[in-house]
Amino acid sequence: MSQHYVHVITLNIPYPANYGGVIDMYHRLRALKNIGINVILHSFEYNRPQTDELLKVCSKVYYYPRITGLRSCLSTIPYNVYSRRSEQLLEDLLKDEYPIFFEGLHTTFLINHPKLRNRKKILRPCNVEHEYYAELGKAEYSLHKKIFFFIESMRLKRYEPKAIEHTDLIIAVSKHDQKHFIDNYPDKKSLFIPCFHEFDHVDIKTGDISDYILYHGNLSVSENDYAAIWLINNVFSKTRYKCIIAGMDPSKRLKKLTKLHDNISLIPNPSQDEMRELIANAQLNILVTFQGSGLKLKLLHALFSGRHLIVNSTMMVGTELSNACTIADSPSEIIKNCEELMKIPFTGEDKEKREAHLLPQYSNTEQAKILASAIF
């Protein structure tokens with residue numbers, strides 16, 4: 001496959017791989033590189049610096065400014081799409097005839113351009129975007145942001161069919177999302193390929209019991225902020241165990257709430273190494289979500305490197321991983337399972353069972369081979 005090339009357009013610079021969709025993007029690039037696929041990367045810049053690290057996994061890297069502000073917001077095209085328009089990107093894509101891989105609807109402004117009519121186009125939706133933005137709006141406390149999310153959700157719902165019309169292949173991140181695309185666009189080929197991640201094998205510490213429970217996520221996302229606050233009010237404040245919440249840019253509301261409880265601590269903006277240690281050393285990772293679209297990368301991180309894991313049913317939507325976790329939905333169920341699992345060591349046999357649930361379906365190498373076969 002060493003002679004194969006593909007253009008990949010990302011909505012942001014995918015390094016460092018330290019949150020959500022960026023983790024999927026970067027480790028897909030790494031996996032494709034490892035099986036001999038040459039990637040020409042096109043990244044829109046958004047609050048992240050350019051980096052030579054991407055040249056280790058890509059043949060070429062191009063950067064484009066994101067056009068933000070009122071002018072982009074007033075368009076009938078979704079703001080997250082219209083703000084990623086670029087004539088230079090079109091010129092760079094026209095330098096050859098290679099397939100084009102669009103990372104999310106956000107990057108598809110050019111997908112219907114007549115000059116790209118004969119190119120093979122692959123879309124990797126990050127979520128069912130209009131569902132995701134509607135749920136973000138419900139979880140948001142700021143009225144200004146709530147209005148934006150609901151307007152953007154309506155725009156995305158109208159825009160999605162127009163983008164899908166010009167797509168040759170859809171690569172869904174979950175079974176739930178794949179069903180949406182199959183049901184709504186039966187004439188389009190849709191595959192389920194789970195999110196890529198940093199782990200090439202299951203790496204879980206066994207043996208000694210740790211003394212804390214962990215919730216982690218990108219806390220600047222309203223969905224995760226809401227989940228953390230829900231856990232504090234309904235679970236963490238009602239248990240005797242040490243509880244840690246860790247993630248990027250926690251809200252003032254979350255900071256204030258954690259200070260009210262002696263057994264709860266907040267670690268804002270941990271480094272990647274610090275986050276890895278927190279997840280690996282926790283006796284118990286708890287992950288809850290109230291948004292079923294997409295696949296949560298923090299789930300895979302906890303499964304590949306964390307000990308016991310409690311999740312709610314919504315976290316499992318579209319994953320086929322329910323047998324790898326303890327599922328509990330009500331606060332009383334979660335607390336009961338906490339009390340039990342905090343006393344049970346994670347054994348070598350537990351690790352083997354976890355590996356059986358995760359591999360090969362969540363193997364980066366195997367999924368990269370499937371993706372390459374679908375593209376080429």
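Six strands, in the order β10-β9-β8-β11-β12-β13, form an open sheet with parallel pairing, where strands count as paired if DSSP finds at least two bridges between them. Helices (H or I, at least four residues) and strands (E, at least two) are DSSP runs numbered from the N terminus. The model is predicted: local features need pLDDT of at least 70, side-chain atom pairs count only at pLDDT 80 or more, and totals for chains, interfaces and linings use all residues. Residues are numbered from 1 along each chain as its sequence is written, and side-chain values use heavy atoms, with hydrogens and water left out.

Strand β12 (residues 308-311) is joined to β13 by 2 bridges in the parallel sense, and Ile-310 stands opposite Thr-326 in β13. Helix α10 (residues 272-281) lies across β8 (212-216), β9 (242-247), β10 and β11 (284-287), and runs at about 135° to β8. Angles are taken from 0 to 180 degrees between N-to-C directions, with axes being lines fitted to C-alpha atoms, for helices over the stretch in contact.

Strand β1 (residues 5-10) is paired elsewhere. It runs parallel to strand β2 (residues 38-45), with 6 bridges, and parallel to strand β4 (residues 100-103), with 3 bridges. Val-8 stands opposite Leu-41 in β2 and opposite Phe-101 in β4. Because 5 of the 6 residues of β1 are buried, the strand is largely enclosed by the rest of the structure; buried means under 20% relative accessible area, exposed over 50% and partly exposed in between, with a 1.4 Å probe and protein chains only. β1, α1 and β2 make a right-handed β-α-β unit: with the strands pointing away from the viewer, the path from the first strand over the helix to the second runs clockwise.

The axes of helix α1 (residues 20-34) and helix α14 (residues 364-375) come within 9 Å and cross at roughly 75°. The two helices are therefore roughly perpendicular (65 to 115 degrees; under 35 is roughly parallel, over 145 roughly antiparallel and the rest oblique). Arg-28, Arg-30, Ala-31 and Leu-32 of α1 make the contact with Asn-364, Ala-368 and Leu-371 of α14, contact meaning heavy atoms within 4.5 Å.

The peptide bond from Tyr-15 to Pro-16 is cis, with omega near 0°, and Pro-16 is found in the loop between β1 and α1. Asn-47, in the loop between β2 and β3 (60-65), has a positive phi of about 60° although it is not a glycine.
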